[in-house]
Amino acid sequence: LAGAALQHRAGPWRRALLTGAATWTVVGGAMLGREAGLVADALEAGDLAAARRRLPHLCGRDPAALDEKGIARATVESVAENTSDAVVAPLVWGALLGLPGLLGYRAANTLDAMVGHRSPRHERFGWAAARLDDVVNWAPARLTAVLTAAAAPVVGGSPLRAWRTARRDGHRHPSPNAGQAEAAFAGALDVRLGGTNVYGMRVEHRPELGEGRGPGAGDIRRAVRLSRAVHAAAALLAAAGSWALASRPAPRPARG
């Protein structure tokens, strides 16, 4: 409501500045690439301990028992998922609803991160937060898959393979949205994602996504390049969509 009030009161230039500032705050693409790059640096230097220390900056997976390939897979999966929910989704909601869309999306996403996983204390509230996050990310996740397929040549990948992998494997992921981005990235990079993940005392056995080899440190850098290409494409689409919506003629007042 506060965002809507600010945007309503501001003139066109102030609205643009407010939306731009909120976009810079909400969209996490730069930090995502930087953190993934630091993991790749550590792996390429043969410093597995440093890579394990960096991994929690990207995901909640327990790095203690992960080898180089496990850390690389976790990093690529995190880059793929966060390309959707930290980059594409806020751009989509910002284009559709401006400042309120950006801030509202970030609020829903943060709420899911805090209480979205079921626990005895937050079972009902956490369930609602997780479902809300699923709803607001449904369309952006599928747009991410489309843009990832289109951008696959940036990393020497096949758009057709990326799209087919997303269509075939995306629904196999426990998340209705993360699987779309991860499967598309797996196809674009020609790697195999998924498998066993350990989160503290909880172990998840996830289906494999893609048919390629297991990812390595070099694939982290390719994933970052792919993510940046998707980010650029999404930003262009968001700008075009926002301009189109803003250019619509105002409705004529009804005649009495």
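Reply: With a relative accessibility of 15%, R222 counts as buried, a class that means under 20% relative accessible area, with exposed being over 50% and partly exposed in between (1.4 Å probe, protein chains only). The model is a predicted one, in which local features need pLDDT of at least 70 and side-chain atom pairs count only at pLDDT 80 or more, while totals for chains, interfaces and linings use all residues. Residues are numbered from 1 along each chain as its sequence is written, and side-chain values use heavy atoms, with hydrogens and water left out.

The side chain of R222 meets that of D219 in a salt bridge at 2.9 Å, N to O, where the term requires a side-chain nitrogen of Lys or Arg within 4 Å of a carboxyl oxygen of Asp or Glu. D219 has a relative accessibility of 5% and therefore also counts as buried. Both residues lie in helix α9, three residues apart, which is about one turn of the helix; helices here are DSSP runs (H or I, at least four residues), numbered from the N terminus.

Helix α9 covers residues 217–246, and its 30 residues should span 44 Å at 1.5 Å a residue, which agrees with the 43 Å between its end C-alpha atoms; the expected span is 1.5 Å times one less than the number of residues. Among the buried residues of α9 are also A223, L226 and V230.

R221, by contrast, is partly exposed at 28% relative accessibility, and its side chain forms a salt bridge with E44 (2.9 Å, N to O). Because E44 lies in helix α3 (residues 29–44) and R221 in helix α9, this pair ties together parts that are 177 residues apart in sequence.

Conventions
Helices (H or I, at least four residues) and strands (E, at least two) are DSSP runs, numbered from the N terminus.
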